[in-house]
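Let's go residue by residue.

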Amino acid sequence: MLLKTFGWSFAVTAIGLVAAVFYGGWEAFGIVAILSVLEISLSFDNAVVNAGILKKMNAFWQKIFLTVGVLIAVFGMRLVFPVVIVAISAKMGPIEAVDLALNNKDRYQELVTDAHPAIAAFGGMFLLMIFLDFIFEDRDIQWLRWIERPLAKLGKVDMLSVCISLIVLLITSFTFATHAHQHGGAHVDKAQTVLIAGIAGLITYMIVGGLSGYFEDKLEEEEEREHEEEEEAARSGKKRSPVVLAGQAAFFMFLYLEVLDASFSFDGVIGAFAITNDIVLMALGLGIGAMYVRSLTVYLVRQGTLDDYVYLEHGAHYAIGALAVILMVTIQYEINEVITGLVGVVLIAWSFWSSVRRNRALAAAEGEAGSDEKAEIPSGV
């Protein structure tokens with residue numbers, strides 16, 4: 001089971017590390033290894049959230065997520081995305097941007113750093129919406145009840161998560177503009193960029209999340225209808241009609257997963273520049289890490305871990321909220337990647353331990369109930 005799920009990740013790791021040695025020797029090998037660990041530690045919460053969505057998809061779409069999805073994640077976000085950002089921000093052609101990334105690495109890093117406010121605003125708003133929509137939903141299982149109960153009541157107000165996100169974005173951009181004004185207006189355009197990028201992130205979430213939710217609802221309706229038709233077919237002996245919306249629903253959920261992964265990868269891509277500005281080593285290291293995150297996602301689904309440890313999904317969403325805040329703060333202030341990674345790991349570890357304690361308490365309660373029943377049964381029966 002373990003080898004089947006993580007086999008591709010092990011293979012990509014071996015190929016990536018060998019390629020690093022051939023590309024830049026043992027120093028490159030070490031950098032790629034460090035980047036892989038960085039990506040995994042920063043994206044563990046990503047795997048937990050992905051698993052919550054992926055468990056609703058069939059085996060075919062899980063395989064697509066691990067194949068086509070990985071190509072998008074590794075080559076799209078870890079290799080192409082930084083080049084595209086440089087091309088757009090520096091107003092240069094893609095070929096020129098690639099040449100810059102390979103031959104003038106310091107200038108390339110400088111341009112990516114300049115584009116960071118826009119990247120952080122887009123990713124921060126997308127992740128903040130995911131967190132708010134989760135926390136405002138009334139759930140049967142609640143982890144931190146003293147927070148989640150009152151927020152679930154507040155969540156009955158329509159569009160509350162959108163309003164809060166826009167307020168956060170306005171405050172962030174206003175703070176940035178004030179900071180720029182105090183320094184002679186040098187960053188006024190960046191404040192406007194933050195606002196536009198943040199709105200783009202919000203719109204992206206609403207479109208992709210809305211479509212995936214719509215088709216997910218349609219899929220549930222179709223599954224109910226299919227169940228009714230199965231019962232009717234069993235009574236009459238007729239053949240039932242096939243479900244036609246499952247593919248559409250799965251496609252939009254897959255699309256949602258890819259945008260979600262992109263938002264999670266922002267901090268990894270930006271953080272990688274603290275270690276190296278070589279785009280080839282970045283792609284190798286972050287690509288290996290992305291493979292493990294994908295495999296871990298599928299492993300969590302197939303093992304039923306989210307069903308066994310019910311607070312894991314809560315912990316992951318709190319980590320998303322923390323990452324969203326961190327991304328917005330990094331628009332103006334630098335935050336060490338170690339802190340970013342530790343926040344997510346601590347929250348998920350805490351939620352895991354809470355789940356373990358809950359399971360033990362339930363098992364103990366069931367054991368006591370079972371012993372009470374045995375005590376009530378007369379001997380010899």
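A residue is called buried when its relative accessible area is under 20%, exposed when it is over 50%, and partly exposed in between. Please keep in mind that this is a predicted model.

Let's begin with His 314, which sits in helix H12, spanning residues 312-329. Is His 314 buried or exposed? Its relative accessibility is 5%, so His 314 counts as buried. Setting aside residues up to four places away in sequence, His 314 touches Phe 134, Arg 139, Ile 141, Gln 142, Trp 143 and Glu 148.

Thr 172 belongs to helix H7, which covers residues 160-182. With a relative accessible area of 15%, Thr 172 is buried. Which residues does Thr 172 contact, leaving aside its neighbours within four places in sequence? They are Val 194, Met 328 and Ile 331.

**One face of helix H3**

Helix H3 runs through residues 94-103, and Ala 97, Leu 100 and Ala 101 are buried there. Viewed down the axis of H3, its buried residues fall within an arc of 100°, so they line one face of the helix. On the face turned away from that buried side, H3 carries the exposed residues Ile 95 and Asn 103.

Ile 199 is found in helix H8, and its relative accessible area of 37% makes Ile 199 partly exposed.

Side chains of opposite charge can pair when their charged atoms come close. How many salt bridges does a search of the whole structure find? The search finds one. Arg 107 pairs with Glu 110, and their closest N and O atoms are 2.8 Å apart. Both residues lie in helix H4 (residues 105-114), and because they are three residues apart, about one helical turn separates Arg 107 from Glu 110.

**Accessibility at a glance**

The table gathers the residues with a stated relative accessible area.

| Residue | Relative accessible area | Class |
|---|---|---|
| His 314 | 5% | buried |
| Thr 172 | 15% | buried |
| Arg 107 | 34% | partly exposed |
| Ile 199 | 37% | partly exposed |
| Glu 110 | 43% | partly exposed |

Definitions and conventions:
Residues numbered from 1 in each chain as written. Predicted model: local features only at pLDDT ≥ 70, side-chain atom pairs only at ≥ 80, totals over all residues. Heavy atoms only, no water. Helix = DSSP H or I, 4+ residues; strand = E, 2+ residues; numbered from the N terminus. Buried < 20%, exposed > 50% of the residue type's maximum accessible area, 1.4 Å probe, protein only. Contact = heavy atoms within 4.5 Å. Salt bridge = Lys/Arg side-chain N within 4 Å of Asp/Glu carboxyl O. Arc of directions from axis to C-beta.
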